[in-house]
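Please open the structure in the viewer and keep the selection tool at hand. The stops below are meant to be visited in order.

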Amino acid sequence: MSHSPLKLNRRTFLAVGVAGAGALAIAGWLRRTPEPVAGSATSNISVDGHDIMRAIVPVMLASALPTEPAARAVAVAQTLAALDTAVGGLPQAAQAELAQLFDLLALPPVRLAVARIDAPWAQAAPEQVRACLDRFRGSSVQLLRAAYDGLHQLTFAAWYGQPQSWAAIGYPGPPALA
């Protein structure tokens, strides 16, 4: 039995739009006020966002990070701090969109249905996180691809913006100004 591809008609488009708007409204209603992350006075990312990125960063940067566990943990922590700073420099609209993404991914039904991660992000297995990122990157749904692209760009900018990562790629650093 052959399945025909999903036809996007006006009714389907409106139903998906209403469902998406409802999910965003619920996420906004359930959203916790961003709390400072331990060890920082302010934070540009919610606690849920930090949990999500704490799961994503080591997976996205797997081969770039140090292999020694203590050095790896320090590198991940520094990257999370740099990521938080980078988010603070984004336009307010981009910060709001990122907050919405984190809010949605933190909701257990969305985490299970969309990310296919059965544990809270703080306990997510790296294999599940990798599979989630691969699905987002290769999805036929443009919104999931855009989510992947945004998370990828933020993660890599935060990592490669740090001087300690430059040696691994042969970058000597910015030229000295006379």
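Select Phe 156 first: this residue counts as partly exposed, because its relative accessibility is 25% (buried means under 20% relative accessible area, exposed over 50%, and partly exposed in between, with a 1.4 Å probe and protein chains only). The model is predicted, so local features need pLDDT of at least 70 and side-chain atom pairs count only at pLDDT 80 or more, while totals for chains, interfaces and linings use all residues. Residues are numbered from 1 along each chain as its sequence is written, and side-chain values use heavy atoms, with hydrogens and water left out.

Next, display the aromatic rings. The whole structure holds three aromatic pairs. In one of them, the ring centres of Phe 156 and Tyr 160 lie 5.9 Å apart and the planes meet at 35°, so this pair is tilted. Rings of Phe, Tyr and Trp (its six-membered ring) pair if their centres lie within 6.5 Å; planes under 30 degrees apart count as stacked, over 60 as edge-to-face and the rest as tilted.

Move on to Trp 166 and Tyr 171, an edge-to-face pair with 5.1 Å from centre to centre and 80° between the planes. Trp 166 is buried at 18% relative accessibility, whereas Tyr 171 is partly exposed at 38%.

Now select Gln 162, in the loop between α7 (142-160) and α8 (163-166). Is Gln 162 buried or exposed? Its relative accessible area is 7%, so Gln 162 is buried. A polar atom of its side chain lies 3.0 Å from the backbone oxygen of Ala 158. Leaving aside residues up to four places away in sequence, Gln 162 touches Gln 78, Thr 79 and Ala 82 (contact means heavy atoms within 4.5 Å).

Finally, show helix α2 (residues 47-60) together with α7: their axes are 10 Å apart and the packing angle is about 75°. The two helices are therefore roughly perpendicular (angles of 65 to 115 degrees). Met 53, Ile 56, Val 57 and Met 60 in α2 meet Tyr 148, Leu 151, His 152, Thr 155 and Phe 156 in α7.

How values were computed
Helices (H or I, at least four residues) and strands (E, at least two) are DSSP runs, numbered from the N terminus. A polar contact is a pair of N or O atoms within 3.5 Å; within protein, one must be able to donate a hydrogen and the other to accept it, and residues adjacent in sequence count only if both atoms are side-chain atoms. Axes are lines fitted to C-alpha atoms, for helices over the stretch in contact, and angles run from 0 to 180 degrees between N-to-C directions. Angles under 35 degrees count as roughly parallel, over 145 as roughly antiparallel, 65 to 115 as roughly perpendicular and the rest as oblique.
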